[in-house]
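I opened this model to look up two things. The entries below follow the order in which I checked them.

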Amino acid sequence: MNKMIELKLNGETRKIYVNDNQTLLEVLREDLGLTGTKKGCNQGECGACTVLLEGKPVSSCLILAVKVNGKSIMTIEGVAEEGHLHPIQEVFNEKGAIQCGFCTPGMILVTKDLLDKNPRPTFKEIKDAISGNICRCTGYIKIIEAIQSLAER
Amino acid sequence: MSDYKFIGKDIPRVDGPVKATGKAIYTVDIKLPGMLYGKILRSPYPHARILNIDTSEAEKLPGVQAVITGEDLREVRYAFVDTPRYPADEQPLAVNKVRYIGDEVAVVAADNEAIAEKALTLIKVDYEILPAVFTAEEAMEADAPVIHDEQLEGTSAWEDWGVAQKKQSHESEVKISNLSGHTAVSFGNVEQGFLESDYIREDRFELKATAHCQMEPHAAVASYDPVTQKLHVWLSTMGIFLKRYFLSKTLNLPASKIRVHHTYVGGAFGGKIDLFPYEFCAAYLSIKLGRPVKIELDREEVFMTTRQRHPIIVKIKSGVKKDGTILAQDIKVIADNGAYRGSGPVVIFLCHGFSFPIYNVPNYRYEGFSIYTNNGIRGPQRGHGAPQIRFSIDSHLDLIARDIGLDLVEMMFKNVRHKGDILPNGDRLNSCGLTEGLQGAAKAIDWKNKRRQFKTETENSRYKRGAGISLCSMFSGAMYYPFASAAIVKLHDDGSATLFTGAQDIGQGSYTTLSQVLAEELGIDMEDIHVVAGDTDLCPIDLGSFLSATALVTGNAVKLAAADAKRQLLECAAEILGVDNIEDLETCSKKIFLKKEPQKSIHFSQAIQASVFKRDGNPIIGRGSYKGYPETDRYPSLAKGKGLFTGAYGFAVQAAEVEVDTLTGKVNLLKAVTYHDCGYPLNKNIVEGQVHGCVSMGAGQALSEEVFLEKGQLFNPSFLTYKLPISLDTPESVEGLVATIEPSGPFGAKEVGEGSVAGILGAIGNAVHDAIGVRIKGLPITPEKVLRALGKI
């Protein structure tokens with residue numbers, strides 16, 4: 001624990017001590033107990049560990065914690081507000097876009113980024129947006145349908 | 001049927017919110033006070049004798065708490081198949097020999113993962129490298145290196161459960177090197193059938209190993225309490241009672257001293273049912289050290305050392321009449337099960353089990369061989385044998401139809417089985433939607449027009465389009481430990497209920513569908529139900545979420561438990577309402593009312609109170625149970641294919657439209673059609689989700705997925721190099737439900753989670769042939785194979 005970093009985590013300013021070699025994923029999961037961010041491959045290929053860094057989706061397993069000093073991070077734990085599911089979370093559940101749930105946090109954050117920037121994405125834009133996130137359960141169809149229905153709102 | 005309030009309705013998953021908010025706890029998320037971390041030293045060689053292991057330097061490293069090797073566990077044996085004929089051949093850590101690259105050699109438990117990894121580098125192992133063999137056909141040759149030369153005692157894992165098969169000669173009548181399993185089944189007279197045939201054709205198909213790719217890596221946390229002598233484990237698994245049984249046997253602990261705790265499971269697909277060395281070693285180390293131990297595999301280890309789908313060679317010879325009626329079929333299957341038996345004898349049995357329910361073949365001979373090689377271990381994977389055999393048979397049938405100028409769909413209509421058929425082993429098809437499925441799928445893909453249209457439209461184009469079709473089937477549970485599922489429904493003061501089930505939601509939605517069954521039967525609402533699941537201390541036995549058993553077997557148990565609770569409620573209510581016969585009462589939304597005078601009603605809570613006061617404090621607890629197959633006490637013979645297999649077969653008819661780029665060889669799946677006969681769908685949204693997942697996995701295996709092995713070394717143990725479908729590969733998908741009613745299923749339901757992974761392979765293979773006019777007999781159909789088939793490279 002040899003470096004202190006300050007970050008805005010899910011809207012809250014936090015000062016934490018991290019090691020030089022710790023990834024953001026490790027700090028979130030192991031030190032802060034935010035296990036909603038999932039470790040699927042730990043090599044930047046599956047998207048399960050996606051968080052929003054300054055509003056942009058990144059693989060937290062590829063980023064050293066010391067590098068996020070002074071930045072804002074949103075994890076899945078920060079998406080629902082005041083105990084209410086975010087519309088993306090609600091629609092993912094209603095439309096059957098969740099099965100085992102392991103890719104779900106990453107998928108929801110990628111969707112949030114997509115819809116924040118582009119509230120009316122096309123079918124192709126939706127497929128492109130989630131193309132870095134692997135889901136083995138759904139064949140992506142109900143995830144895409146869920147995002148489409150959000151886009152139509 | 002339409003009167004159902006919950007059954008068949010698209011009710012959102014009950015575990016959706018907890019998963020959507022990141023609050024669902026998976027095994028990899030578990031962290032206990034004082035927890036140690038285990039790391040595994042693995043063999044770098046495919047086949048070698050262990051001469052010496054020196055752990056002294058590793059043990060000296062500060063932070064290392066224990067190092068164990070095979071010497072500590074010489075007597076421990078277990079396996080997915082453990083019968084007198086096929087004795088358990090796996091050990092948690094290698095004793096004397098390693099048999100594949102990745103075989104477990106030693107485990108270190110340390111204060112953190114970094115120390116454990118460092119310690120692994122300090123363990124010195126001296127090996128004598130042995131000759132190795134990497135294909136099943138080479139391993140079968142007389143002079144092939146012998147992979148298992150140890151003498152194994154043949155006992156049945158389930159003998160003490162009263163289900164031992166009759167003692168028989170363990171010697172296999174077949175003398176083939178490295179044989180791990182043999183299945184031989186025949187009925188009718190095959191030679192006579194061929195003699196009477198107008199046309200005979202033989203083909204050989206080959207399918208490669210594929211990976212499950214569950215998003216959650218395999219992990220185990222074990223915590224032993226030396227005071228109570230109780231072992232607590234958290235496992236990412238499909239079957240908590242089977243795991244407990246394995247652990248109880250291998251650790252020599254009473255079953256009641258092991259508690260498997262609930263966690264969510266980040267995907268399984270068949271690959272989390274075997275007992276794994278990391279699970280045993282976490283438990284063993286926790287007992288040894290009296291501290292919690294966690295072992296989590298990294299992604300490369302998951303690819304290399306958990307399980308893969310069996311690479312299989314299928315040789316088929318069929319004889320048909322001019323009109324397409326199949327008269328005789330002779331099938332040979334060779335499965336490479338890798339370095340240990342895994343599910344080898346099961347997959348060769350299931351290749352038969354998933355083949356013979358489809359077509360009525362009067363003269364049939366089937367022979368399957370599972371073979372040891374020095375590759376990674378193969379085990380169950382979604383469909384378990386169905387993809388391999390269904391791809392092969394329906395590719396072969398398409399070739400015959402083309403040869404004799406028949407339409408494949410017409411030929412399928414002529415040969416498919418129907419409701420009421422009795423299979424040669426005695427299984428009866430009480431529901432079978434193959435004919436309706438064929439009609440639906442052929443229509444959805446516009447079978448006749450599309451096939452002609454593609455030819456003319458794309459004649460001069462670089463892009464060729466084609467359509468194909470294939471059929472598949474799957475069990476709905478079978479007789480396997482613990483041979484039944486049970487359920488408990490506990491009613492609360494306010495009339496709501498807790499469902500206790502040993503079933504595990506691995507993503508397939510069982511907590512939701514089982515809740516629907518309970519809500520419908522008992523007459524309460526979905527929000528009145530709380531599910532307690534996946535805990536061996538709290539929940540009654542369950543077959544587990546494999547063999548596609550949950551909907552039918554556990555579903556029936558839940559329905560019976562709900563009916564039991566309801567009966568108790570109605571008996572109390574009858575007294576209060578002054579009704580003689582409980583048949584005159586009905587329930588809905590926690591109310592009990594007279595069928596004829598619905599305004600006369602009482603709330604569940606009143607009946608529950610009455611039960612407590614008037615029936616010796618009985619708070620109303622309903623219980624129900626259902627056997628894996630009520631008509632038998634035996635598991636089927638893997639070697640002879642005798643005995644009853646399953647109470648209900650799920651079926652699917654699948655069609656595909658593809659576009660082949662003849663310049664690059666790339667095949668694009670444009671449209672995937674599935675008509676699944678899952679009986680009556682408990683939840684259409686969930687059924688569609690299962691079909692989508694199956695189609696995606698099947699399409700991946702048809703077109704891009706392959707575990708690349710070169711002399712036993714895995715070359716693509718990552719998501720970057722193992723090409724599973726991503727969102728950009730998603731085809732247009734059409735699902736039709738053939739809503740049959742399975743009389744033995746809860747509300748008519750049966751299997752849906754596995755079957756439709758299988759038909760899409762043959763559908764794609766046949767569509768590619770349709771597009772380019774050339775048959776590719778090996779999967780996956782990679783661009784290279786397409787270009788070779790076209791003579792371009």
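**Entry 1: chain A against chain B**

I am working from a predicted model. I asked how many residues each chain puts into the contact. Chain A supplies 40 residues and chain B supplies 43 residues. I then listed the elements of chain A that give two or more residues to the side touching chain B, and found α2 (87-94), α3 (104-117) and α5 (141-151). Of that side, the largest share comes from α2(A), with four residues. I also sorted the residues on the side of chain A that touches chain B by type: 19 are nonpolar, 14 are polar and seven are charged.

**Entry 2: the domains of chain A**

Next I looked up how chain A is divided, and noted domain 1 (3-77) and domain 2 (87-151). I read 21 Å between the C-alpha centres of domain 1 of chain A and domain 2 of chain A. Their contact takes 16 residues from domain 1 of chain A and twelve residues from domain 2 of chain A.

Which elements give two or more residues to the side of domain 1 of chain A that touches domain 2 of chain A? I found β3 (50-53) and β4 (56-59) of chain A. β3(A) gives the most to that side, with three residues. By type, I noted eight nonpolar, six polar and two charged residues on the side of domain 1 of chain A that touches domain 2 of chain A.

Methods: Residues are numbered from 1 along each chain as its sequence is written. Chains are lettered from A and ligands numbered from 1 in the order in which they are written. This is a predicted model: local features need pLDDT of at least 70, side-chain atom pairs count only at pLDDT 80 or more; totals for chains, interfaces and linings use all residues. Two residues are in contact if their C-beta atoms, placed from the backbone, lie within 7 Å. Ala, Val, Leu, Ile, Met, Phe, Trp, Tyr, Cys and Pro count as nonpolar, Asp, Glu, Lys and Arg as charged, and the others, Gly among them, as polar. Domain bounds come from an automatic or database domain assignment.
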